[in-house]
Every structure is written in structure tokens, then in C-alpha cells.
Amino acid sequence: MNQALYRNMTADQLRQQYNPSRSIPEAPGIFQSWKTRSAEFRGQAKAKLDVAYAEHPAARLDLFLPQADAPRLHVFIHGGYWQAFGKNDFSFMAEGLARAGIAVAVLGYPLCPGAPLHLVVRHTRLALAYLWREAAALGLRQEKIQISGHSAGAHLCAMLMATLWPKFQEGLPDAIIHSAIMMSGVYELEPLRHIETGQALQLTPELAKRLSPVSLRPAGKARALLATGGLESVEFRRQSAVFGRLWARYGVPLEVIAFTNRNHFTILDEFAPVDSPLVRRAVDLLDF
């Protein structure tokens, strides 16, 4: 039971580091607030809901539109350790950006363990390819697509940034992603193999490496911002720092920032509200 499994940590220590729902007592209330805020925003937003981007029943997205015509596009990918939540829980993440004149697609995707993790990754790629191809039909500008994600969603953003798009689908350009904002991400999956999360994801050593962004190269030079909360576990903060250093060596224009008084879940409050710090940063990145 006390065997060191990863970085001299036992299974219990890894659970403490990598299970924020366990270490943040107010987590259930935060999750309920996400649902409430999302329902309120969906009820009054200009939107195209449940747009199918692939055949799987969960392959749906909600597109929230600003008042301006032909807006730029931001794509948000939710977290939940690839196993929980859905797009309807995160509509509130679109409010600040939409009011800033940017369209926001909030992605739904198949969840583990019903779908293997590689299929989850594939569906986020299918969604981005769909949005690029159908941009004009959806009333969007095709260029300058920005992505963001939280926790497992940040991992999926990094996997998108490592995608060789012409090899993924014929007719796609080399570069689809203009910039990315990744919050509190997991960029190395190896530690998860030793706790229940890895069992749900059916992680083998080979799969954990193949689907870990720290083992991959970025496919382009899209600008990236990595954000963490100062109240997060040491391991979540370390993962962002290590990933940032590795990808900066490949020439990615990259910035790592920390929000001192935010934890793994409340960091979203730096992005969702109108005129919040990360909304302003997202607009600045798109204007770059």
C-alpha cells in the first residue's frame, strides 16, 4: 500500500494530487453553479444548439453567437477527466467571449469508459475540422480559430495542437489553430495509470505515453497560454510548468501564468465572466 509508484508517491498520495474533487470540499456546490449559470445563459443567448459534427450521439456542439456578423471563433473543451460532464454544463463559459464579439463553440464529446480515450481525442479533432470546413455556412470567419480547455479539456487542446491536419483529413490546411488557452491541464498521463482514473481510461504504459502531450511535438507555432490556480495541487502546477518548458523548446510562443487565489475549479471564473482577465487575454491573442 505504501509502494512508491510515480515520483516517489504512493497511490494515496497520487489520489490526493490528481483528484481535485476529493480535495476541494466545495466542489459539489461549484458544479451545481456551473449548471445553473449555463442554463441561465442558454436561455437568453443567441445560439445554434446541438449541432452535429460527427455520427456519435455525443458528437454535438453548441455555438453561441455575438451580435456582430462573421465573428471570429473560439472553441471551448470541457473537463471531467474525460468521463464526466457535458457541453450543457459549460454554456456559461461562452458569455464573456460572446459579449466581446467572439463566437464560442462549446464541444460535447464521447466519454470514457464508454469510449476509449483515443476516440475522445479523435472526436475533438473531428469537431475542429468540421468547424473549419463549415465556418462560412455557420456564419463564422474561417481564419484565426482559437481553442481553450480546462483540466482534461486542456489535455485535448494540446492534442489538437499536436495534430498534423492534412494527415488527419484530406483538404485540411497545415494550420487551423491560431492560439490556445489551457487551464489546469494534465499533459502527462503516466501518474493516472496508478489510480482509479487510469483504470477507467484503460491506460497501458504505451497508451499513456502515446496520448501524453509531453511526449509529442506541436504541429505548428500557434501561441499558447497555460494557466493554473495557486491553490491547486503541486502536481497540477508542475505538469503545466513542465509541459510549458518542453513545448517552448520547439518554438511555441508560450506563456505560463498562475491565479494566486484560484483552485482547480474556480480558475474558470477567470475566463467566464464579461471582461474577466482571461477573456481580455483571449481577445488580445486573437488580435495578435
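This is a predicted model: local features need pLDDT of at least 70, side-chain atom pairs count only at pLDDT 80 or more; totals for chains, interfaces and linings use all residues.
- Two packed helices are described by the angle between their axes and the distance between the axes.
- On the H5 side, the contact (heavy atoms within 4.5 Å) is made by Val 120, Val 121, Thr 124, Arg 125 and Leu 128.
- H6 brings His 155, Leu 156, Met 159 and Leu 160 to the contact.
- The residues of this contact divide into six nonpolar, two polar and one charged. Ala, Val, Leu, Ile, Met, Phe, Trp, Tyr, Cys and Pro count as nonpolar, Asp, Glu, Lys and Arg as charged, and the others, Gly among them, as polar.

**Cysteines**

- How many disulfides does the count come to? The count is zero, where a disulfide is a pair of cysteine sulfur atoms within 2.5 Å.
- The closest cysteine sulfur to that of Cys 112 is in Cys 157, and because the distance is 16 Å, it is too far for a bond.
- Cys 112 is buried, with a relative accessible area of 3%; buried means under 20% relative accessible area, exposed over 50%, and partly exposed in between (1.4 Å probe, protein chains only).
- Cys 157 is buried too, with a relative accessible area of 0%.

**Aromatic rings**

- A search of the whole structure finds 16 aromatic pairs. Rings of Phe, Tyr and Trp (its six-membered ring) pair if their centres lie within 6.5 Å; planes under 30 degrees apart count as stacked, over 60 as edge-to-face and the rest as tilted.
- Phe 31 and Phe 265 have ring centres 5.0 Å apart and planes at 85°, so this pair is edge-to-face.
- Phe 31 lies in helix H3 (residues 27-44) and Phe 265 in the loop between strand E8 (254-259) and helix H11 (277-287), so the pair ties together parts that are 234 residues apart in sequence.
- Trp 34 and Phe 265 also form an edge-to-face pair, at 6.0 Å centre to centre and 75° between the planes.
- Trp 34, in helix H3, is 231 residues apart from Phe 265.
- Trp 34 counts as buried at 2% relative accessibility, and Phe 265 counts as buried at 6%.
- One aromatic cluster is formed by Phe 31, Trp 34, Phe 76, Phe 85, Phe 90, Phe 92 and Phe 265.

- Most residues other than glycine have a negative phi, and most peptide bonds are trans.
- A cis peptide bond, with omega about 0°, joins Cys 112 and Pro 113. Pro 113 is found in the loop between strand E4 (103-107) and H5.
- Asn 8 is not a glycine, yet has a positive phi of about 65°. Asn 8 sits in the segment before helix H1 (11-18) and counts as exposed at 71% relative accessibility.
- Trp 82, likewise not a glycine, has a positive phi of about 65°. Trp 82 lies in the loop between strand E3 (73-77) and helix H4 (95-99) and counts as buried at 0% relative accessibility.

**Two residues to look up**

- Ser 240 has its place in helix H10 (residues 234-249) and counts as buried at 1% relative accessibility.
- Leaving aside neighbours within four places in sequence, Ser 240 is in contact with Gly 185, Tyr 187, Leu 226, Thr 228 and Val 256.
- Glu 206 belongs to helix H9 (residues 205-210) and counts as exposed at 58% relative accessibility.

Note on methods
Residues are numbered from 1 along each chain as its sequence is written. Side-chain values use heavy atoms; hydrogens and water are left out. Helices (H or I, at least four residues) and strands (E, at least two) are DSSP runs, numbered from the N terminus.
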